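Visitor: I'm new here and would like to learn how to read a structure. Could you walk me through it?

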Amino acid sequence: MSDTRRRVKVYTLNEDRQWDDRGTGHVSSAYVERLKGISLLVRAESDGSLLLESKISPNTAYQKQQDTLIVWSEAENYDLALSFQEKAGCDEIWEKICQVQGKDPALEITQDPIDESEEERFDEMPETSHLAELPPCELARLEEIADLVTSVLSSPIRREKLALALMSEGYIKKLLQLFRACEDLDNREGLHHLYEIVRGVLFLNKAALFEVMFSDDCIMDVVGCLEYDPALVQPKRHREFLTKTAKFKEVIPITDSELRQKIHQTYRVQYIQDIILPTPSVFEENFLSTLTSFIFFNKVEIVSMLQEDEKFLTEVFAQLTDEATEDSKRRELVNFFKEFCAFSQTLQPQNRDAFFKTLANLGILPALEIVMGMDDLQVRAAATDIFSYLVEFSPSLVREFVMQEPQQADDDVLLINVVIKQMICDSDPELGGAVQLMGLLRTLIDPENMLAPTNKTEKTEFLSFFYKYCMHVLTAPLLANTAEEPNERDSPEGSVKINPVCPDNFQTAQLLSLILELLTFCVEHHTYHIKNYIMNKDLLRRVLVLMNSKHTFLALCALRFMRRIIGLKDEYYNRYIIKGNLFEPVINALLDNGTRYNLLNSAIIELFEFIKVEDIKSLIAHIVDNFYKALESIEYVQTFKGLKGRYEQEKDRQTQRLSRMRLNASRYRRDARSLEDEEEMWFNEDEDEEDEGTVEKGRSDEDFPENYGKYMEDKKGAANGSSGANSKPATSTSTTGPNGSTTKAATLPATPVVKTGLVGLVDYPDDEEEEEDEEEEDEDEQSARKRPRLGS
């Protein structure tokens with residue numbers, strides 16, 4: 001399967017009469033039981049899947065084209081083609097097809113003019129039996145030949161048989177000899193008949209006929225026949241244009257004669273299709289599909305031959321980037337590359353990848369950087385087209401080149417800045433070039449195509465680069481046209497006025513709208529970088545100056561920019577808008593618009609409706625507090641009343657929340673005061689106990705050791721249960737006095753922990769206390785524990 005001779009591409013013709021690549025694989029021929037016959041099989045080289053399984057039918061007309069193509073139709077509107085990598089492989093499969101059909105491999109089409117099976121299959125054969133013999137190619141029979149050619153176009157089988165007859169008898173060259181004779185004799189009637197004949201032969205849609213008609217010795221006579229349209233009073237001068245006006249310029253001499261001939265042929269056939277032949281009617285739209293295919297495969301061959309010639313492309317790039325190259329020469333080189341890239345679109349994806357990588361390795365991007373900065377409008381336009389091909393092919397390739405530039409270049413000559421400046425300086429009143437460049441810039445800064453697995457940091461690195469080196473160039477026209485008035489720069493904060501004179505020039509307004517469209521895209525896709533830029537440059541304030549523009553489309557662009565920002569529902573943006581009072585220019589525009597029901601009115605109301613529906617509280621409060629008096633008269637929509645309602649609801653909720661907070665705070669303060677009172681009372685009780693102890697010194701000293709021992713036991717017990725001491729109520733212990741009586745000693749309550757910073761004190765029990773004093777102390781303790789609840 002690795003045999004390159006059998007390596008092919010499979011094509012199918014789509015509804016637009018363009019060839020679609022179905023994949024690359026290896027072709028073979030084998031008997032297929034299901035199809036009951038020898039079939040062509042193509043298996044994909046990537047995974048071995050079946051790309052094509054087509055039975056070689058004895059009645060199918062196979063055509064061999066350009067030594068490496070085999071084309072056939074399997075149904076009325078289903079054409080197939082195999083494009084071989086090598087001629088030997090094409091010949092091998094062609095011989096197999098001819099073997100199955102019993103044909104001579106020397107032929108380029110496998111169907112004879114007379115085929116008995118065809119006669120049996122088609123009921124119309126009796127009507128076409130005379131097609132086996134064409135009328136003699138004579139001046140007197142031209143009308144008969146023209147009638148014959150035009151009459152068969154409605155029937156596929158008749159077209160097929162006529163094409164075979166024309167090929168077998170060398171009829172085309174005989175007709176072209178008659179054309180030269182008629183032109184010498186100025187025989188207009190004969191020339192008109194020849195126009196019909198040649199046009200009809202082209203509509204037969206047969207590649208074998210095209211090979212003859214578009215050969216070097218025939219194509220100019222074919223063009224000559226097509227000059228004599230009977231509908232025209234005077235013939236067109238297509239040959240004069242092709243030979244004298246259209247000049248073939250070799251930017252670098254092409255030494256390959258076959259390549260030069262192929263370029264000439266392709267240009268002339270393209271001219272016939274695009275200029276000479278009338279647009280086919282709905283009944284003729286499929287007649288020229290083979291002509292389209294002929295041009296397509298010619299372009300593929302040209303690109304492949306040029307790409308393989310490394311010396312040629314190297315020399316082209318050397319001259320393109322050489323400062324000594326004359327402007328006229330450089331213009332020709334750029335136009336050559338433009339055509340070269342246009343031709344490359346006919347290549348298949350993998351071949352196109354190789355093509356653009358070859359250009360990148362040769363230095364196409366540095367060359368574009370030079371030519372896009374030239375004054376020649378034609379050169380800049382051609383360079384823009386080439387740049388668009390590169391960006392569409394691989395944005396990452398362009399970004400990678402651009403990010404390497406700051407190390408060796410100034411900001412002004414960076415490729416992206418060159419593109420931005422060309423967009424800004426577009427001289428076209430409709431800014432056609434600027435629109436194209438804006439689309440390319442958007443592709444380059446789109447994070448969606450920065451997800452290449454080979455470089456996971458591409459998004460972060462490129463956006464940082466863009467905002468550092470390029471964003472100031474992009475916004476320069478916007479900032480310049482919305483600059484502050486010099487005499488008002490010292491105005492108090494909140495009353496700063498920006499120059500209200502907006503650009504009245506349509507071209508400038510169009511340019512600013514393009515810039516705003518790009519900035520709006522950034523707001524949607526570059527959350528972090530664009531947010532910093534907007535706030536650092538106060539960009540939204542500048543943009544909203546354009547709400548005063550007489551160009552409604554520009555005012556709408558400014559409003560759309562603000563709408564995208566608000567749509568993010570980002571509180572950083574909301575605080576920025578509130579601090580700068582940036583709703584003022586929007587509301588002024590709404591009021592200035594009056595009662596007119598237009599797009600501006602609807603867009604502004606939609607902005608406020610979004611704020612209401614999404615309940616963006618900070619913006620609602622700002623709008624109602626500052627602008628409701630100006631807006632309350634607008635009653636044809638309920639938007640502003642709705643904003644007021646939202647505002648009042650939120651205000652009520654805030655009031656209720658504040659009341660609850662105050663109530664809780666007052667409770668806390670009262671609780672704290674009660675605890676302080678309890679502490680103070682406890683200290684007072686302690687002092688009273690000490691006073692009582694001094695009066696009762698008459699008690700015997702020998703009682704002290706016993707009471708002290710019991711106190712230490714009680715203290716140890718308290719230490720062991722200290723983890724729950726703070727939460728347990730006060731307890732009392734029984735002690736035996738010297739007279740054998742039992743007395744109760746109250747254990748002091750744990751000192752409450754409050755935020756006043758007071759530290760609980762430990763009062764040791766006095767051994768001189770008497771029973772009635774202890775009972776009074778117990779009563780005081782109980783009252784002190786109850787007071788905080790009363791206070792609450």
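Guide: Let's start with a term: buried means under 20% relative accessible area, exposed over 50%, and partly exposed in between (1.4 Å probe, protein chains only). This is a predicted model, where local features need pLDDT of at least 70, side-chain atom pairs count only at pLDDT 80 or more, and totals for chains, interfaces and linings use all residues. Residues are numbered from 1 along each chain as its sequence is written, and side-chain values use heavy atoms, with hydrogens and water left out.

Visitor: Is Lys612 buried or exposed, then?

Guide: Lys612 counts as buried, because its relative accessibility is 17%. You'll find Lys612 in helix H29 (residues 599-614); helices (H or I, at least four residues) are DSSP runs, numbered from the N terminus.

Visitor: What does Lys612 touch?

Guide: Contact means heavy atoms within 4.5 Å. Not counting residues up to four places away in sequence, Lys612 touches Ile620, Gln638, Thr639, Gly642, Leu643 and Arg646.

Visitor: And which residues have the most contacts inside the largest nonpolar core?

Guide: In soluble globular proteins, nonpolar side chains tend to be buried together. A nonpolar core is a set of buried Ala, Val, Leu, Ile, Met, Phe, Trp, Tyr and Cys residues joined through side-chain atoms within 4.5 Å. Here the largest has 136 residues, and Phe387, Ile534, Leu540, Ile566, Phe583, Phe608 and Ile611 have the most contacts inside it. Helix H23 (residues 506-525) gives this core its largest share, eleven residues. Another core, of 51 residues, lies apart from it, with Leu134 and Leu209 among its members.

Visitor: Which residues does Phe608 contact?

Guide: Leaving aside neighbours within four places in sequence, Phe608 is in contact with residues including Phe583, Ile623 and Phe640.

How values were computed:
Helix = DSSP H or I, 4+ residues; strand = E, 2+ residues; numbered from the N terminus.
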